[in-house]
Amino acid sequence: MSGNVRLLDETLAAAKAEGRAALIAYLPAGFPTVDGGIEAVKAALDGGADIVEVGLPHSDPVLDGPVIQTADDIALRGGVRIADVLRTVREAHAATGKPVLVMTYWNPIDRYGVERFTAELAEAGGAGCILPDLPVQESALWREHAEKHGLATVFVVAPSSKDGRLAEITAAGSGFVYAASLMGVTGTRETVSSQAEDLVRRTRATTDLPVCVGLGVSNPRQAAEVAAFADGVIVGSAFVKRMLDAPDHAAAVEGVRALAGELAKGVRGPA
């Protein structure tokens, strides 16, 4: 069965045709429970997100700040497994028809098996994977199986990436390019890094892939600011924080839905 990279491409193209950036939400699988996490992912998509990234909780994060680490710890203590991540993808995509990716570090996939993971992700209706710690020069095996199964391979670029390195990364990727707006970890911030616009400009000079910006966007004003120069706006910690701060699970899910709606307005223009 083929994955949904084409749906991802079409969704990003449709947002561009509307003269706006796509809204991409991130939520970890298994948080606060597997079923509760599925509800939250569906709420983000129903609320206005165009695309969602389902995080595969990992005990040794590189990119994730304290908010997402807290959620990952809850999920891991709850016993979340790769099968639960794939179930989250399957049910969210089946319920909404929207593209769902997995964001994961390399070690869990390597241990699970690349062929097995790509085949099962495609079977679940997944659109691809974001792999923040997989070096491009070591990615041939992954890319071979991802392409065979119709999955996007999204790599992360950073403000420190030199132009030659950007070209190497974007030539190997598909779906979109994840531009980290700053050197640091995920988390909500008062302002969006001034480095983000320059990184998008430099990245676009190397590729026709959409360039989507993450790290630091948490409210409609910031979403509008990033949407003015990027093809997509990625929001994660703000969604997780809404859930962590909610008094109960029902309020958490509604908080996710409401924030998605607020951010969806933001990517359509100044708040």
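This is a predicted model: local features need pLDDT of at least 70, side-chain atom pairs count only at pLDDT 80 or more; totals for chains, interfaces and linings use all residues.
Local features need pLDDT of at least 70 and side-chain atom pairs count only at pLDDT 80 or more, while totals for chains, interfaces and linings use all residues. Residues are numbered from 1 along each chain as its sequence is written, and side-chain values use heavy atoms, with hydrogens and water left out.

**The sheet**

Let's start with the strands. Helices (H or I, at least four residues) and strands (E, at least two) are DSSP runs numbered from the N terminus, and two strands pair if DSSP finds at least two bridges between them. Here 9 strands form an open sheet with parallel pairing, in the order 5-4-3-2-1-9-8-7-6. Strand 5 (152-154) and strand 6 (156-157) are the edge strands, each pairing on one side only. Strand 6 is joined to strand 7 (residues 177-180) over 2 bridges, in the parallel sense, and Val156 stands opposite Tyr178 in strand 7.

**A cis bond**

The loop between strand 1 (22-28) and helix 2 holds Pro32. The peptide bond leading from Phe31 to Pro32 is cis, with omega near 0°.

**Helix pairs**

Axes are lines fitted to C-alpha atoms, for helices over the stretch in contact, and angles run from 0 to 180 degrees between N-to-C directions.

| Helix pair | Angle | Axis separation |
|---|---|---|
| Helix 2 (residues 34-47) and helix 12 (residues 249-266) | about 25° | 7 Å |
| Helix 3 (residues 66-77) and helix 11 (residues 237-245) | about 60° | 9 Å |

The angle makes helix 3 oblique to helix 11, whereas helix 2 and helix 12 are roughly parallel to each other. Angles under 35 degrees count as roughly parallel, over 145 as roughly antiparallel, 65 to 115 as roughly perpendicular and the rest as oblique. Helix 2 and helix 12 cross in the right-handed sense, and helix 3 passes helix 11 in a left-handed crossing. (A crossing is left-handed if the near helix is turned anticlockwise from the far one by less than a right angle, and right-handed if clockwise.)

**The largest pocket**

A pocket is an open set of points on a 1 Å grid over the protein atoms alone, where a 1.4 Å probe fits, with protein on both sides within 12 Å along at least five of seven lines; lining residues have an atom within 4 Å of a point. Of its 13 lining residues, Leu56, Pro57, Val80, Ile82 and Pro108 are the closest to the centre. Helix 4 (82-96) and helix 5 (106-112) are the elements that give two or more residues to this lining, and helix 5 gives the most, with 4 residues.
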